[in-house]
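User: I am new to this structure. Please show me how to read its features, one at a time.

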Amino acid sequence: MWGAVVCGDRLSLLLRGALVVTRLRMCSSRVYRALKRSPRQQETASVAALRSIRGPAMSLSGKVAVVTGAAQGLGKAFARVLLKNGTKVALLDVDEDAGAATEAALRDEFGSDATLFLRCDVCSDEEMKNAFQKTLQQFGRLDVVCNNAGIINETNWQKMVDVNLNGVVRGTYLALQHMKKENGGQGGVIINVASMAGLGTIPAVPIYTATKHGVVGFSKALAAASSAAGYGVRINVLCPAFVQTAILSSMQMEETTGQFHSLINMVEKLMNVHGILEVDEVAEALLQLLQDETKNGAVLMMNTKGATYTNLPAAGDSRPAATHSSVVI
Ligand SMILES: NC(=O)c1ccc[n+]([C@@H]2O[C@H](COP(=O)([O-])OP(=O)(O)OC[C@H]3O[C@@H](n4cnc5c(N)ncnc54)[C@H](O)[C@@H]3O)[C@@H](O)[C@H]2O)c1
């Protein structure tokens, strides 16, 4: 469904439809063939296979990360996988109870000096600035920032834009301020968490869709700026389909979908197509995206069948957009 059809005439529509069906059929065998292909062609793989086809890997041992929305769900799983790989992690979240409980659990597992919970609303410039400052005071450096905090709320859509898009911009700019080489930083990696809704559309959540498209566009533009200006910072985007977390249940509630609630069956159909991922599977993909030193401006989309780096059109590329559409997995 993500293969956008942009051309008008009917024959072309039929041919493109047939192409999408053929791509779907070819997908599973492509996953296994990916390992045998040249590095340039290796774009589609199961999540486990990503490790084998990635470029040179950045070491995470001794590094320091900030993860927003880390009290539960994906953020907690991202923090855990980073800790397992020797990175110290500041956990930022508005939910103090869940944050303190997660901090205690992670300290039990990884030691009391490995992690730090900071109550922080990604909508507040001041709280975000203070949280980054405290992270530096506690751990002495900053190498990785994962802007993950997000909500679904189509009724209070202004708040959702503030958390999902402005919060990511805020976290990304602060990360650059501390990590980019022209400011005396040591470089680093930013992973912004978008969604499958950042590449295609989910009609029941149009503003959520818009915020996630915003995260993809912002991150790609800034990644290009980073390359051009030599920031020494890689900026990549993770686009999972459905994941078993609290946000998934909230997506099915009338308070959050509001006037679009009658379209919820369309979400259920999408869930049947894409399946529901576990947080640890997404955390493994985050690790590969983060560590692959060849990736800047990469957009990794994943569902229960595997993961694909999408090829979105670049502003300077004159080829028709359809030739760039991402492979459906
Ligand atoms: N679960 C899915 O199906 C799915 C799929 C694709 C993308 N995502 C994205 O993954 C990210 C994480 O979501 P999740 O699935 O773990 O949901 P979740 O609800 O389990 O976790 C979200 C976390 O963000 C925190 N948060 C919310 N508002 C905040 C704010 N203003 N400041 C700081 N923290 C705040 C919450 O307290 C919570 O701990 C979100 O950006 C979401 O859009 C989720």
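User: Is helix α3 mostly covered or uncovered, and how many of its 12 residues are buried?

Analyst: One point before we start: this is a predicted model. To judge burial, count neighbours: a residue is buried if 20 or more other C-beta atoms lie within 10 Å of its own. By that count α3 is mostly covered, with 11 of its 12 residues buried. Among them are Gly73, Leu74, Gly75 and Lys76. Arg80 is also one of the buried residues, as are Val81, Leu82 and Leu83.

User: Which residues are closest to the ligand, and how many surround it?

Analyst: Look at the shell around the ligand. That shell has 28 residues, and the closest are Gly69, Gly73, Gly150, Thr245 and Ile247. Next, ask which elements supply it. Those giving two or more residues are α3, β8 (242-243) and α8 (246-251). Gly73, one of the closest residues, is also among the buried residues of α3. By class, the shell holds 16 nonpolar, 9 polar and 3 charged residues.

User: Why does Leu248 count as partly exposed?

Analyst: Partly exposed lies between the exposed limit of 12 or fewer and the buried limit of 20 or more. Leu248 has 16 C-beta neighbours inside 10 Å, so it counts as partly exposed. Leu248 sits in helix α8. Leaving out residues up to four places away in sequence, Leu248 touches Phe242 and Val243. Leu248 and Ile276 are 28 residues apart in sequence, yet their C-alpha atoms are 9.5 Å apart in space.

User: At what angle do the axes of α5 and α6 cross?

Analyst: Read the distance and the angle together. The axes of α5 (residues 125-139) and α6 (residues 157-179) come within 10 Å and cross at roughly 40°. The contact uses Asp125, Met128, Lys129, Phe132 and Leu136 from α5, and Arg170, Gly171, Leu174 and His178 from α6. These residues divide into 4 nonpolar, 2 polar and 3 charged. The crossing is right-handed.

User: How many helices and strands does the protein chain have?

Analyst: Step back to the whole chain. The protein chain has 11 helices and 11 strands. Of its 329 residues, 44% are buried. Among contacts between residues at least 6 apart in sequence, 70% join residues at least 24 apart.

Note on methods
Residues numbered from 1 in each chain as written. Predicted model: local features only at pLDDT ≥ 70, side-chain atom pairs only at ≥ 80, totals over all residues. Axes fitted to C-alpha atoms, helices over the stretch in contact; angles between N-to-C directions. Helix = DSSP H or I, 4+ residues; strand = E, 2+ residues; numbered from the N terminus. Left-handed = near helix turned anticlockwise from the far one by under 90°. Contact = placed C-beta atoms within 7 Å. Nonpolar A, V, L, I, M, F, W, Y, C, P; charged D, E, K, R; others polar. Near = placed C-beta within 6 Å.
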